[in-house]
Amino acid sequence: LVVMSTFFVKGVLGGIDCTTQKDGLAYLDIEPEMVCDMEDENYYRVVQKAVAGFAAWLVAMALLVFSFTRENGKVKYSFLTAKMEDKWYWWELWLLLRKLLVMACGLLNTSQPYRGWYLSALVIIFSLTAHAYAHPFIDPWVDATELISLWSTLFIFQGGMVWDSTPNTDL
């Protein structure tokens, strides 16, 4: 579910992410030859498909959340909820959202990677806080390893900001 959703959202968001080049024009990141100009019919079609795909993905995710949180959702999705405390059986949905938000932060900020890192770090900090509050897993060792994983991800994001080797910058 995470892998399929990640590839789908990456493709959809890539259809609206443009970067301004040295010539002053913005080009589509997934198709560098295409100028991001709504007057251009080809670009307009790409944006239409990206928006329609994203809307379809949102509807599918809303249906998944609805199905997951219904009365029999815990039983229906027991392959995902078996490792969670009863109170937090829906936590797998938060994990999916967290991964997609981190990916979207990076994809939508390709022209300004620092902003993507900061936003991703914000998502991770919020996730750390939520996890420290909830301790959603039945096994305390799984809780501890998830917390360590979140901390290490945060350190990696911070390290990326500190040790960036972008040419012609002060760092």
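At roughly what angle do the axes of helix 6 and helix 7 cross, and within what distance do they come? In this predicted model, local features need pLDDT of at least 70, side-chain atom pairs count only at pLDDT 80 or more, and totals for chains, interfaces and linings use all residues. Residues are numbered from 1 along each chain as its sequence is written, and side-chain values use heavy atoms, without hydrogens and water.

The axes of helix 6 (residues 113–134) and helix 7 (residues 140–162) cross at roughly 160 degrees and come within 9 Å. Helix 6 is therefore roughly antiparallel to helix 7 (an angle over 145 degrees, on a scale from 0 to 180 degrees between N-to-C directions, with axes fitted to C-alpha atoms over the stretch in contact). Helices are DSSP runs (H or I, at least four residues) numbered from the N terminus. Contact (heavy atoms within 4.5 Å) involves residues including Trp117, Ile124 and Leu128 of helix 6 and Leu147, Trp151 and Phe157 of helix 7. The residues of this contact comprise 14 nonpolar, 6 polar and 2 charged (nonpolar: Ala, Val, Leu, Ile, Met, Phe, Trp, Tyr, Cys and Pro; charged: Asp, Glu, Lys and Arg; polar: the others, Gly among them).

The largest pocket has a volume of about 280 Å³. A pocket is an open set of points on a 1 Å grid where a 1.4 Å probe fits, with protein on both sides within 12 Å along at least five of seven lines; lining residues have an atom within 4 Å of a point. The volume is the space filled by probe spheres set on the points, which are joined across faces, edges and corners. Of its 14 lining residues, Trp57, Leu58, Met61, Leu97 and Leu100 lie nearest the centre of the largest pocket. Helix 5 gives the largest share of the lining, 7 residues, and the lining divides into 14 nonpolar, no polar and no charged residues.

Terms used:
Helix = DSSP H or I, 4+ residues; strand = E, 2+ residues; numbered from the N terminus. Parallel < 35°, antiparallel > 145°, perpendicular 65-115°, else oblique.
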